[in-house]
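This report is meant for a reader who is meeting the structure for the first time. Please keep the sequence and the model in view while reading.

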Amino acid sequence: MLRYYLYLLRKKTKPSIARTYFNTSFTSNKKKKRILIKSGLILSPESTIVPPFYFEFGNIKLQGNIFINANCNFLDNAEITIKNKTMIGPNVTLTTVSHHTDPNLRHGANIISPIAIGENVWIGAGAVVLPGITIGDNSVIAANSVVTADVPANCLYAGTPATFKREC
């Protein structure tokens with residue numbers, strides 16, 4: 001409990017400290033969220049995140065009633081925006097960073113691009129969303145899919161790479 005008050009007194013908290021506190025503390029979810037907010041995350045009070053939850057920089061906006069299940073990895077070098085009523089299954093990876101395929105460029109600058117997820121989206125367990133992807137409102141990403149291109153609204157995408165299956 002003392003750790004909580006020490007972190008609360010700070011104006012900002014390092015994301016690594018907030019992540020560790022969130023994943024290992026036995027305090028209330030409300031207190032855990034306050035520490036996440038101090039690390040840069042923008043969370044609405046209705047949002048639910050089930051630990052363990054991994055993020056790097058705090059470039060995450062959860063806008064509304066969002067559910068993020070256990071063991072999710074958000075590589076948030078660029079901003080990740082998730083809108084109201086979205087559900088994210090366990091073991092989902094959202095990554096805003098990648099590397100060049102050219103071996104001469106691979107160890108240089110990273111490719112960084114934001115991810116935007118619309119309202120009422122469902123991302124199934126184990127899915128991976130790559131940098132620069134936008135997922136439209138009311139869409140579904142099936143479990144274990146790899147999203148490599150934008151997903152329009154009201155669609156079901158599945159597979160590796162994820163492809164259109166039908167309208168929702």
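## Terms and basis

Helices (H or I, at least four residues) and strands (E, at least two) are taken here as DSSP runs, and they are numbered from the N terminus. The model is a predicted one, in which local features need pLDDT of at least 70 and side-chain atom pairs count only at pLDDT 80 or more, while totals for chains, interfaces and linings use all residues. Residues are numbered from 1 along each chain as its sequence is written, and side-chain values use heavy atoms, with hydrogens and water left out.

## Two open sheets

Two strands are said to pair if DSSP finds at least two bridges between them. Five strands form an open sheet with parallel pairing, in the order β1-β4-β7-β12-β15. Its edge strands are β1 (42-43) and β15 (134-135), each of which pairs on one side only. Strands β1 and β4 run parallel and are joined by two bridges, and I42 has K61 in β4 as its bridge partner.

Another open sheet is built from seven strands in the order β2-β5-β8-β13-β16-β18-β19, and here the pairing is mixed. Because β2 (48-49) and β19 (163-167) stand at the edges with a single partner strand each, one side of each is left without a neighbour in the sheet. Within this order, β13 and strand β16 (residues 140-141) run parallel and are joined by two bridges, with V140 in β16 as the bridge partner of W122.

## Strand β6 and its partners

Strand β6 pairs in the parallel sense with strand β3 (residues 53-55) over three bridges, and F53 stands opposite C72 in β6. Strand β6 also pairs with strand β9 (residues 93-95), again in the parallel sense and over three bridges; there, T95 in β9 is the bridge partner of L75.

## Helix α2

In helix α2 (residues 15-24), the residues P15, A18, R19, Y21 and F22 are buried. They lie on the same side of α2, because they cover an arc of only 165° around the axis, the arc being that of the directions from the helix axis to the C-beta atoms. An α-helix has 3.6 residues a turn, so residues three or four places apart point the same way.

## A salt bridge and a surface patch

A salt bridge is a side-chain nitrogen of Lys or Arg within 4 Å of a carboxyl oxygen of Asp or Glu, and a search of the whole structure finds one. The side chains of K61 and E79 meet in a salt bridge, at 3.7 Å from N to O. This pair links distant parts of the chain, with K61 in strand β4 (residues 60-63) and E79 in the loop between β6 (72-75) and β7 (80-83), 18 residues apart. K61 is partly exposed at a relative accessible area of 26%, and E79 is partly exposed at 36%.

On the surface, F67, M87 and W122 form a nonpolar patch with about 310 Å² of accessible area together. Patches are made of residues with over 30% relative accessible area and no salt bridge, where like charges are joined within 9 Å and nonpolar side chains (Val, Leu, Ile, Met, Phe, Trp, Tyr) within 5 Å. Accessible areas come from the Shrake-Rupley method with a 1.4 Å probe, and for residues only the protein chains shown count as cover. W122, in strand β13 (residues 122-123), is partly exposed, with a relative accessible area of 48%.

## Backbone details in the loops

Most residues other than glycine have a negative phi, and most peptide bonds are trans. The peptide bond from P51 to P52 is cis, with omega near 0°, and P52 is found in the loop between β2 and β3. The bond from T160 to P161 is also cis, with omega near -5°, and P161 lies in the loop between β18 (155-158) and β19.

N138, in the loop between β15 and β16, has a positive phi of about 65° although it is not a glycine. N144, in the loop between β16 and β17 (146-147), has a positive phi near 60° and counts as exposed, at 55% relative accessibility.

Note on methods: Buried means under 20% relative accessible area, exposed over 50%, partly exposed in between (1.4 Å probe, protein chains only).
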